[in-house]
Amino acid sequence: MKIVVCIKQVPDTKGGVSFNPDGTLNRAAMLAIMNPDDKAGLEAALRLKDQYGAEVTVVSMGLPKAADVLTEALAMGADKAILVTDRVLGGADTWATSQTLAGALRNLDYDLIITGRQAIDGDTAQVGPQISEHLGIPVISYTKSIEIDGDYVIAQRQFDDGYHMVKAKMPCLLTALAELNEPRYMTPGGIFDAVDTEITVWGRKDLKDVDDSNLGLKGSPTKIAKASDKVRKGAGEKVVLDPEEGAEYIFGKLKEKHVI
């Protein structure tokens, strides 16, 4: 079995975010991590590797520094890593990103493609399903469990307060929830092996069956009208009262706001 996992390097929001003048994220200036949903998808692939001896290839589109998350994936147990990076791919929205990744995936043999449900820097949940559409394969989104039955994948798909049981013939694509599992840690041996494993780098010329009009910022139909940091809240009202007066004050404020 051959499994491809799409992973994304996303800003570590605990360290703050910054924007370019055109409203896009200034990724080069921010601390970055592996997207949590993608890491759960990688763990799912590694568990299938442990169970069936699958080969796991990780693919990431991004700046050259995205090689860091690919190295992390190798240290966790992935077999191969591919970085898709090129200046002409910068500023891509979900449409252009999915076109790029689909163009890269057409170079690979796969039975199963796993992506995260969504990335924490966009929260669109669009890229995975769009990739499946470009490749013409089935998709099971919001996956919370995975089983293999011969040539089929059986998955629990989260739905409101319940779930669907969905069966699809491979090749197919799954989008993984962060709650799917608890990702493993890198091992010391895995880290040493990852350092010695070469990451394959692809650019625009390596993408199959993708038109230039669907790539990068120019190929992105989504346009950012305005971007700004979140509005900071004021200090609020501060009072110093004894416990009894404080209780009456809080009670009065709750009544004033029609909470009680």
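Trainee: How do I read the packing of helix α2 against α5, and at what angle do their axes cross?

Mentor: Two packed helices are described by the angle between their axes and the distance between the axes. In this predicted model, the axes of α2 (residues 67-76) and α5 come within 7 Å and cross at roughly 130°. α2 is therefore oblique to α5. Angles under 35 degrees count as roughly parallel, over 145 as roughly antiparallel, 65 to 115 as roughly perpendicular and the rest as oblique. Axes are lines fitted to C-alpha atoms, for helices over the stretch in contact, with angles from 0 to 180 degrees between N-to-C directions. Helices are DSSP runs of H or I with at least four residues, and strands are E runs of at least two, numbered from the N terminus.

Trainee: Which residues of α2 and α5 meet?

Mentor: Thr71, Leu74 and Ala75 of α2 meet Gly190, Ile191 and Ala194 of α5, where contact means heavy atoms within 4.5 Å.

Trainee: Where is Gly189 found, and how is its accessibility classed?

Mentor: Gly189 is found in α5 (residues 188-196). Its relative accessibility is 40%, so Gly189 counts as partly exposed; buried means under 20% relative accessible area, exposed over 50%, and partly exposed in between (1.4 Å probe, protein chains only). The C-alpha atoms of Gly189 and Ala75 are separated by 7.8 Å, although the two residues are 114 apart along the chain.

Trainee: What limits apply to these values?

Mentor: Local features need pLDDT of at least 70, side-chain atom pairs count only at pLDDT 80 or more, and totals for chains, interfaces and linings use all residues. Side-chain values use heavy atoms, leaving out hydrogens and water, and residues are numbered from 1 along each chain as its sequence is written.
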